Every structure is written in structure tokens, then in C-alpha cells.
Amino acid sequence: MLYLEVLVVLTTLGSWVRMYRKGGGSLLSRQGLASLKYYTTLSNIFAGLVSLLFLLRFLVRGSSGPVPRWLALLKVSSAVSVGLTFLVVMVFLLPRMGFAPLFKGELFCLHALGPFLTIASFLANPALADTGRGASLIALIPTLLYGIFYAGNILVHGIGEGEKTNDWYGFLIGGIHTLPLVFAVILAAAWILALVLLRLKG
């Protein structure tokens with residue numbers, strides 16, 4: 001299923017390069033390095049880099065044997081990360097923002113196509129080794145790190161308003177006091193997603 005890994009690399013990294021060069025016009029799209037403040041961008045870049053590692057390993061080692069556990073854990077972590085991106089878009093952002101702002105241009109790839117291809121490449125890869133115990137918790141690390149950054153930025157600089165808001169996903173519509181609850185819900189959603197993907201993988 002190497003073609004899926006190729007598609008993930010082209011879709012995720014290519015979409016970010018497009019945003020880097022021409023981003024803007026949306027609260028969820030920024031030009032240049034400012035695009036890296038979004039979990040959407042970071043999770044897709046992560047997925048693209050992990051797929052690139054799979055391709056490099058194939059070029060060096062061929063298709064024989066299972067992949068190392070560390071690489072399998074990176075794969076499930078990337079699938080969970082972009083899966084969470086899709087979940088937040090569909091459940092939380094879509095009812096509030098509508099279809100067009102969320103799936104316009106490169107955002108279609110970052111919010112939908114990239115996550116779909118990444119999850120498909122995880123589920124379809126026969127060479128993935130047993131990820132072992134604790135994989136569902138390890139898969140939360142990228143989300144946890146981003147959550148610390150997101151929450152810390154708001155606690156230091158405040159929520160802000162309009163285009164200068166630090167709550168660019170609008171999670172804190174109930175006020176800054178809801179931050180711990182939002183943090184917990186997002187992590188719980190990511191953990192459940194990890195459990196589901198690992199169970200589907202078998």
C-alpha cells in the first residue's frame with residue numbers, strides 16, 4: 001500500500017506549502033510560519049513526515065518484515081492526530097462556520113482528504129508491527145503538547161477578539177473558565193479515536 005503513503009506525502013505537505021505561500025482569507029488559514037499555529041497544519045505535516053519515513057524505509061530495507069515499533073507508534077499517532085482534526089471540523093466547526101470556509105482550497109486537503117488518506121494508510125499497511133501496550137496513550141502525545149501550547153498562549157495573552165483572537169478554534173465560547181473542561185474533552189476524544197483505530201487495525 002505504498003501508493004497511499006505517497007498520496008499522504010503529496011496531499012499533506014503539498015497543501016501546507018500552498019498555505020505557506022498563499023494562505024489567508026480565513027480564520028483557519030495563515031500565510032508563512034503563522035500557519036504553524038494551527039493543529040490542523042501541524043497534524044497534517046506530522047502525518048506527511050511519518051509517511052515519508054515509511055517510504056524511505058522501503059527504499060532502504062524493502063518490504064520484508066514488520067516495521068519497527070517506534071515507527072508503528074508514530075504512524076498510529078499521526079492517524080489519531082489528523083483523525084482528531086477531521087472530528088473537530090465535522091462535529092464542532094462545521095455547524096458554526098458552514099462548509100465553504102472549512103473546505104476551501106488547501107483546507108479541503110488538510111481537513112478531509114489528508115486525514116482520510118492517513119487513516120487509510122494506517123489501516124491498510126500490513127507491515128505495521130504490534131504497537132504493544134500503551135499505544136493509545138502514546139498516540140495522545142502530539143495532541144497533549146499542542147493543547148499545552150494552545151492553553152498556555154491563552155492564559156498568558158488572553159482570549160482576544162476577531163482576527164487577533166488566541167482562541168482561533170473558538171473552543172472557549174463559554175469563557176476562559178471552561179478551558180480545563182475543553183482540554184479534557186479533546187484529550188478524551190483523541191483517546192477514544194486511538195482505541196477505535198487500534199481495534200480496527202486488530
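Colleague: At what angle do helix H3 and helix H8 pack?

Modeller: This is a predicted model, where local features need pLDDT of at least 70, side-chain atom pairs need 80 or more, and totals for chains, interfaces and linings use all residues. Numbering starts at 1 in each chain, and side-chain values use heavy atoms, without hydrogens or water. Helices are DSSP runs of H or I, at least four residues long, and angles run from 0 to 180 degrees between N-to-C directions of axes fitted to C-alpha atoms over the stretch in contact. H3 spans residues 69-97, H8 spans 179-201, their axes lie 9 Å apart, and the angle is about 125 degrees.

Colleague: How are H3 and H8 oriented to each other?

Modeller: Under 35 degrees is roughly parallel, over 145 roughly antiparallel, 65 to 115 roughly perpendicular, and the rest oblique. The angle here is about 125 degrees. H3 and H8 are therefore oblique.

Colleague: Which residues of H8 make the contact?

Modeller: Contact means heavy atoms within 4.5 Å. H3 brings Val76, Ala79, Val80, Gly83, Leu84, Leu87 and Val88. H8 answers with Ile186, Ala189, Ala190, Leu193, Ala194, Leu197 and Leu198.

Colleague: How many nonpolar residues has the contact of H3 with H8?

Modeller: Nonpolar means Ala, Val, Leu, Ile, Met, Phe, Trp, Tyr, Cys or Pro; Asp, Glu, Lys and Arg are charged, and the others, Gly among them, polar. The H3–H8 contact has one polar and no charged residues. Its nonpolar count is 13.

Colleague: How are H2 and H3 oriented to each other?

Modeller: The axes of H2 and H3 come within 9 Å. They cross at roughly 150 degrees. H2 and H3 are therefore roughly antiparallel.

Colleague: How many charged residues are in the contact of H2 with H3?

Modeller: On the H2 side the contact includes Tyr39, Phe46, Phe54 and Arg57. On the H3 side, Trp70, Leu74 and Lys75 are among them. By class there are 11 nonpolar and eight polar residues, and the charged ones number two.

Colleague: How are H5 and H8 oriented to each other?

Modeller: Helix H5 covers residues 106-124. The axes of H5 and H8 come within 9 Å and cross at roughly 40 degrees. H5 and H8 are therefore oblique.

Colleague: Which residues of H8 make the contact with H5?

Modeller: H5 uses Ile119, Phe122, Leu123 and Ala124. The contact has seven nonpolar, no polar and one charged residues. The H8 partners are Leu197, Leu198, Leu200 and Lys201.

Colleague: How much space lies in the largest cavity?

Modeller: A cavity is a set of points on a 1 Å grid over the protein atoms alone where a 1.4 Å probe fits but cannot get out. Points join across faces, edges and corners, and volume is the space filled by probe spheres set on them. The whole structure has one cavity of 30 Å³ or more. The largest cavity holds about 300 Å³.

Colleague: Which residues lie nearest the centre of the largest cavity?

Modeller: Lining residues have an atom within 4 Å of a point. H2, H3, H7 and H8 each supply at least two. The lining divides into 15 nonpolar, four polar and no charged residues. Of the 19 lining residues, those nearest the centre are Tyr146, Gly147, Tyr150, Phe171 and Ile186.

Colleague: How far apart in space are Leu13 and Gly48?

Modeller: Leu13 is in helix H1, residues 2-22. Leaving out residues up to four places away in sequence, Leu13 touches Val8, Ile45 and Gly48. Leu13 and Gly48 are 35 residues apart in sequence, yet their C-alpha to C-alpha distance is 5.8 Å.

Note on methods:
1 Å grid on protein atoms, 1.4 Å probe; cavity = no way out; pocket = protein on both sides within 12 Å on 5 of 7 lines; lining within 4 Å.
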